[in-house]
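Good morning, and thank you for making time for this presentation. I would ask you to keep the structure in view while I speak.

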Amino acid sequence: MLLLLLCGALAVGGIFLLRLTVFKLPRCKSAAKLHGKTAVVTGANTGIGKTTAMDLARRGAKVILACRDRRRAEAAVQEIIQETGNQQVIFMQLDLASLQSVRSFADNFLKSEPRLDLLINNAGLISDGKTEDGFGMIFGVNHLGSFLLTMLLLDRLKASGPSRVVNVASQAYESGKVDFNYLTTHKELGLGNSNMQLLAKYCHSKLCNVLFTYELAKRLQGSDVTCYSLHPAADADSGAQTSLHCALEPGIEHLSGHYFTQCAPLTTIDPKARDDATSRKLWELSQTFCGLS
């Protein structure tokens, strides 16, 4: 029995040492202060989004938690205020599964907030079903809602420049594809609702995030707004670090449109994530779906 306990203790100790050394992930090194700046973080009531919002609030930013679940978001607001001492942490209702909700959020934000320095499109899910507008839930929430939100807030971002858009994607994009025929016909990224089929749709949606960022950067050239996509790490604390790096690190403006992982740009990326025809077609179809000219 003592031997078993000793082996167990050694195993736990070994895992702890591995986490401290081999598995220790890079952290955002920026010491930036954000007093007078405003940030919007979607899906900020839990996980990576809440950790990101907490860090921005600690730096002095006014932080808008853009969330669907009022109860959980208001609890997160109170936790962040208590932890950081920053009273400028606000909940605003946003349901990315409803284009009307996205429009209402944008209207409310633009009426109440004179500037926007950081837009962090963090929210995402794996779920079956349809959005309020009849799109597949994964496509509607993970891509289309964030696309519309960004478009509606873009003028405010430009007016507040230098400003940044950060899109939380995933390494899962590598297994993704965009079937435009199916997407146009069914408003959905793929067929079926089994666990494997939902995972495949999630991968497709993460490729959409990377392609959207790539296309957005091209269209923002000459403006004072830059954008980045990224792969987060597993847990909330590590996972937020690359989001924060992309939001705060000075001197990365020339990397607008790039995909980051472990607080660094990925130098070799799958060519499908840099396909001009695909990114343009996704942009144009997203505009049509959202009723934008």
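This is a predicted model: local features need pLDDT of at least 70, side-chain atom pairs count only at pLDDT 80 or more; totals for chains, interfaces and linings use all residues.

Residues are numbered from 1 along each chain as its sequence is written, and side-chain values use heavy atoms, with hydrogens and water left out.

Let me begin with the sheet. Helices (H or I, at least four residues) and strands (E, at least two) are DSSP runs, numbered from the N terminus. Eight strands form an open sheet with mixed pairing, in the order E3-E2-E1-E4-E5-E6-E7-E8. Two strands pair if DSSP finds at least two bridges between them. E3 and strand E8 (264-265) are at the edges with a single partner strand each, so one side of each has no neighbour in the sheet. E8 pairs with strand E7 (residues 259-261) in the antiparallel sense, over two bridges, and there threonine 261 stands opposite alanine 264.

E4 and E5, by contrast, pair in the parallel sense over four bridges. Leucine 119 has valine 165 in E5 as its bridge partner. How many residues of E5 are buried? Six of its six are, where buried means under 20% relative accessible area, exposed over 50% and partly exposed in between, with a 1.4 Å probe and protein chains only. Ser163, Val165 and Asn167 point one way from the strand, and Arg164, Val166 and Val168 point the other way.

I turn now to the helices. Axes are lines fitted to C-alpha atoms, for helices over the stretch in contact, and angles run from 0 to 180 degrees between N-to-C directions. Contact means heavy atoms within 4.5 Å. Helix H8 lies across E4, E5, E6 and E7 and runs at about 160° to E5.

H5 and H9 pack at an angle of about 85°, with their axes 10 Å apart. The two helices are therefore roughly perpendicular; angles under 35 degrees count as roughly parallel, over 145 as roughly antiparallel, 65 to 115 as roughly perpendicular and the rest as oblique. H7 also packs with H9, at about 90° and with the axes 9 Å apart, which makes H7 roughly perpendicular to H9. Residues of H7 in that contact include Phe212, Leu216 and Arg219, which meet residues of H9 including Leu282 and Trp283.

The next topic is the nonpolar cores. A nonpolar core is a set of buried Ala, Val, Leu, Ile, Met, Phe, Trp, Tyr and Cys residues joined through side-chain atoms within 4.5 Å. The largest has 52 residues, of which Val40, Phe105, Phe109, Leu119, Leu153 and Leu216 touch the most other members. Among the elements that each supply at least two residues are strand E2 (62-67), helix H4 (99-112), helix H5 (137-159) and helix H7 (195-219). Which element gives the most to this core? It is H5, with eleven residues. Leucine 216 is in contact with Thr150, Met151, Leu154, Val165, Cys227 and Trp283, leaving aside neighbours within four places in sequence. A second, separate core of 35 residues includes Leu34, Ala44, Ile48 and Phe260.

Just after H2, glycine 60 takes a positive phi of about 105°.

Finally, two individual residues. Asparagine 45 sits in the loop between E1 and H2 and counts as buried at 14% relative accessibility. Beyond its neighbours within four places, asparagine 45 contacts Lys50, Cys67, Asp69, Arg72, Ala73 and Ala76.
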